[in-house]
Amino acid sequence: MTDNTKILILYELATQEFLKRSSLTTHTKENPMTTSKVTYQGNLRTQAIHLQSNNQIITDAPTDNHGKGEAFSPTDLLATSLGSCILTIIGIKAEAMDIDISGTTAEVTKVMAAKPRRVSEIHVIVNFSKALDESTLKRFYKTALICPVGNSLDPAITQNLVFNNGTDA
């Protein structure tokens, strides 16, 4: 068996595993339409168009991986999606409880690992814009744990969530 044959077999096995683990069909009962269109623009930059709203996101490779770092990297977006999802899911719960959390922020820190290069940890610090009672904070924390992005991440990625209660001036 030649080296090229070995490489081809490994490629075919990896492709089969990828196909088993991913859904390449965009039009299914669970996913009726395409979400976005991503175009490679050259120089390690992509443009993603959200098809429903026509909003766009530009990504650049980070400076530590041959890029310019002039925009979010794809892994930055992964980590940032977790923070956005947590705030959104808490916002849904807050609205149901008639609590205004406008101005609440999430500070997101992404930690990379090597071999293979990947996100190994995501730290999210939620800073509430106003003081909340302990019961409400606990409800919001439990709500944050059902964030679809967090539940979609590989369990090997450490997710660290911290809440900072606001203060009323």
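Q: Tyr 141: buried, exposed or partly exposed?
A: This is a predicted model. In it, Tyr 141 has a relative accessibility of 32%, so Tyr 141 counts as partly exposed, since that class runs between 20% and 50%.

Q: And Phe 163, buried or exposed?
A: Phe 163 is buried, with a relative accessible area of 18%. The cut-off for buried is under 20%.

Q: What about Phe 128 and Phe 140, what are their values?
A: Phe 128 is at 5% relative accessibility and counts as buried. Phe 140 is buried too, at 0%.

Q: How do the rings of Tyr 141 and Phe 163 sit relative to each other?
A: They form an edge-to-face aromatic pair. The centres are 5.2 Å apart and the planes make an angle of 75 degrees. For edge-to-face the angle has to be over 60 degrees.

Q: Where in the chain are those two?
A: Tyr 141 is in helix α3 and Phe 163 is in strand β6, which covers residues 158-164. They are 22 residues apart, and the pair links distant parts of the chain.

Q: How many aromatic pairs are there in total?
A: The count is three aromatic pairs. One of them is Phe 128 with Phe 140: the ring centres are 5.9 Å apart and the planes are at 20 degrees, so this pair is stacked. Phe 128 is in the loop between β5 (118-127) and α3 (134-144), while Phe 140 is in helix α3, so the pair ties together parts 12 residues apart in sequence.

Q: Which residues make up the aromatic cluster?
A: Phe 128, Phe 140, Tyr 141 and Phe 163 form one cluster.

Q: Different topic. Where is His 50?
A: His 50 is in strand β2, residues 45-50. With a relative accessibility of 31%, His 50 counts as partly exposed.

Q: What does His 50 touch, apart from its neighbours within four places in sequence?
A: His 50 is in contact with Thr 35, Ser 36 and Asn 55.

Q: How far is His 50 from Thr 34?
A: The C-alpha to C-alpha distance is 9.1 Å, and the two are 16 residues apart in sequence.

Q: Now the whole chain. How many helices and strands?
A: There are four helices and six strands. In sequence order the pattern is α-β-β-β-α-β-β-α-α-β.

Q: What share of the chain is buried?
A: Of its 169 residues, 25% count as buried.

Q: And what is the accessible surface of the chain?
A: About 11900 Å², with 54% of that belonging to carbon and sulfur atoms.

Definitions and conventions. Residues are numbered from 1 along each chain as its sequence is written. This is a predicted model: local features need pLDDT of at least 70, side-chain atom pairs count only at pLDDT 80 or more; totals for chains, interfaces and linings use all residues. Side-chain values use heavy atoms; hydrogens and water are left out. Rings of Phe, Tyr and Trp (its six-membered ring) pair if their centres lie within 6.5 Å; planes under 30 degrees apart count as stacked, over 60 as edge-to-face and the rest as tilted. Buried means under 20% relative accessible area, exposed over 50%, partly exposed in between (1.4 Å probe, protein chains only). Accessible areas come from the Shrake-Rupley method with a 1.4 Å probe; for residues, only the protein chains shown count as cover. Contact means heavy atoms within 4.5 Å.
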